[in-house]
Amino acid sequence: MAIVPARVGVIGGGRMGAGIAQVFLAAGAQVSVVEAGGAAAEAARGRVADGLAEAARRGKLDGDVDGVLGRLTLLETPAGLGRDTDLVIEAVPERADLKAEVLGAAAAAAGPAAVLATNTSSLSVTELAATLERPARFLGLHFFNPVPASKLVEVVVAPETDPVVVEAARGWVRALGKTDVVVRDSPGFASSRLGVLLGLEAIRMLEEGVADAEAIDTAMELGYRHPMGPLRSTDLVGLDVRLAIAEYLHRTLGERFAPPQLLRDKVAAGELGRTTGKGFHTYP
């Protein structure tokens with residue numbers, strides 16, 4: 001039976017980082033979340049606590065919230081990660097330079113035995129690996145939002161990733177109660193490449209007046225059994241996040257990933273989806 005690593009570090013305590021921390025805590029790990037600044041750290045703790053409380057309310061948490069939350073430690077820098085850390089996952093914004101910086105600091109702090117992972121949804125795992133002293137112990141672990149409810153984790157393998165590390169990561173994913181899919185490092189991997197392409201076409205259809213947002217989403221939800229239509233999915237991910245991914249895929253894979261002007265306009269207007277209350281749909 002697969003078990004989670006005993007000690008996990010998560011760099012970044014935003015929506016994704018807090019979700020990743022929550023699922024490892026719920027599975028029994030000791031988790032350190034790195035978030036600079038006291039206010040940001042407390043906000044991260046609040047996200048984790050709220051997520052655990054929701055899991056408890058739904059009967060999906062073993063143990064009481066305070067007991068599980070007691071295994072959470074907040075750190076201001078990756079330098080605070082212990083040498084006995086088994087796994088470090090970065091979940092900072094989609095900037096290759098920032099990811100490389102925090103991964104390098106985590107590698108120095110956690111020691112040679114630790115496995116490092118990036119939660120990037122599109123950036124090159126191979127290029128990030130090239131910045132590390134031990135690329136064999138690095139791979140992508142692409143969790144999906146919302147992390148506690150999502151059943152999928154993409155395990156993204158770079159050319160130098162040790163197969164032993166891949167198998168360990170797959171076991172950890174299964175110990176979280178999730179399903180792993182192994183993909184070769186390529187722009188957008190499997191999920192982002194397909195999901196973004198569908199989302200961009202849905203935005204173009206809206207832009208061209210083919211149908212309204214509700215009709216487009218309903219067509220995919222009922223006609224193709226998607227649990228969430230492509231425009232609602234974009235609202236959940238964040239229009240700014242989807243735009244950044246599309247721009248990267250446009251540069252690397254060509255014109256079929258060119259962001260529609262409507263997406264750019266909404267991001268410029270601050271209509272980012274659920275986080276702001278308005279994207280392609282409106283939220284209370």
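Biologist: Which residues of helix 7 meet helix 11?

Modeller: This is a predicted model. In it, Leu200, Ile203, Leu206 and Glu207 of helix 7 meet Gln261, Leu262 and Leu263 of helix 11. By class, the contact has five nonpolar residues, one polar and one charged.

Biologist: What makes helix 7 roughly perpendicular to helix 11?

Modeller: Start with the angle. The two helices pack at about 90 degrees, and their axes are 8 Å apart. Roughly perpendicular covers 65 to 115 degrees. The angle falls in that range, so helix 7 is roughly perpendicular to helix 11.

Biologist: Why are helix 7 and helix 10 also called roughly perpendicular?

Modeller: Their axes cross at roughly 105 degrees and come within 11 Å. The range for the term is 65 to 115 degrees. The crossing angle lies inside it, and therefore the term applies to helix 7 and helix 10.

Biologist: Which residues make that contact of helix 7 with helix 10?

Modeller: Helix 7 gives Ser192, Arg193, Gly195, Val196, Gly199 and Leu200. Helix 10 gives Arg242, Ile245, Ala246, Leu249 and Leu253. These residues divide into six nonpolar, three polar and two charged.

Biologist: Take Ile245 in helix 10. How do you know whether Ile245 is buried or exposed?

Modeller: Its relative accessible area is 6%. Buried means under 20%. The value is under the cut-off, so Ile245 is buried.

Biologist: What does Ile245 touch, beyond residues up to four places away in sequence?

Modeller: It touches Ser121, Ser122 and Val196. Ile245 and Gly188 are 57 residues apart in sequence, yet 7.9 Å apart in space, C-alpha to C-alpha.

Biologist: Where is Ser122, and is it buried or exposed?

Modeller: Ser122 sits in the loop between strand 5 and helix 5. Its relative accessible area is 2%. The cut-off for buried is under 20%, so Ser122 is buried. Leaving out residues up to four places away in sequence, Ser122 touches Glu94, Pro187, Gly188, Phe189, Ile245 and Tyr248.

Biologist: What makes Phe189 stand out in its phi?

Modeller: Phe189 has a positive phi of about 55 degrees, although it is not a glycine. Most residues other than glycine have a negative phi. Phe189 lies in the loop between strand 8 and helix 7.

Biologist: Which other residue has a positive phi, of about 60 degrees, although it is not a glycine?

Modeller: That is Arg225. It lies in the loop between helix 8 and helix 9.

Biologist: Why is Phe189 called buried, and why is Arg225 called exposed?

Modeller: Set each value against its cut-off. Phe189 has 6% relative accessibility, and buried means under 20%, so Phe189 counts as buried. Arg225 has a relative accessible area of 76%, and exposed means over 50%, so Arg225 is exposed.

Biologist: How do you know that Pro163 is exposed?

Modeller: Its relative accessible area is 60%. That is over the 50% cut-off, so Pro163 is exposed. Pro163 belongs to helix 6. The C-alpha atoms of Pro163 and Ala41 are separated by 35 Å, and the two are 122 residues apart along the chain.

Biologist: Where does Pro146 lie, and what is the peptide bond from Asn145 to Pro146 like?

Modeller: Pro146 is in the loop between strand 6 and strand 7. The bond is cis, with omega near -5 degrees. Most peptide bonds are trans.

Biologist: Which residues line the largest cavity?

Modeller: Ala107, Gly111, Ala114, Leu116, Leu132, Glu133, Arg134 and Arg137. They divide into four nonpolar, one polar and three charged.

Biologist: What is the volume of the second largest pocket, and how many residues line it?

Modeller: Its volume is about 860 Å³. The lining has 31 residues, and Gln22, Val23, Val147, Pro148 and Ala149 lie nearest the centre. Helix 1 and helix 2 are the elements that give two or more residues to this lining. By class, the lining has 14 nonpolar, seven polar and 10 charged residues.

Definitions and conventions:
Residues are numbered from 1 along each chain as its sequence is written. This is a predicted model: local features need pLDDT of at least 70, side-chain atom pairs count only at pLDDT 80 or more; totals for chains, interfaces and linings use all residues. Side-chain values use heavy atoms; hydrogens and water are left out. Axes are lines fitted to C-alpha atoms, for helices over the stretch in contact, and angles run from 0 to 180 degrees between N-to-C directions. Helices (H or I, at least four residues) and strands (E, at least two) are DSSP runs, numbered from the N terminus. Angles under 35 degrees count as roughly parallel, over 145 as roughly antiparallel, 65 to 115 as roughly perpendicular and the rest as oblique. Contact means heavy atoms within 4.5 Å. Ala, Val, Leu, Ile, Met, Phe, Trp, Tyr, Cys and Pro count as nonpolar, Asp, Glu, Lys and Arg as charged, and the others, Gly among them, as polar. On a 1 Å grid over the protein atoms alone, a cavity is a set of points where a 1.4 Å probe fits but cannot get out, and a pocket is an open set with protein on both sides within 12 Å along at least five of seven lines; lining residues have an atom within 4 Å of a point. Grid points are joined across faces, edges and corners, and a volume is the space filled by probe spheres set on the points. Buried means under 20% relative accessible area, exposed over 50%, partly exposed in between (1.4 Å probe, protein chains only).
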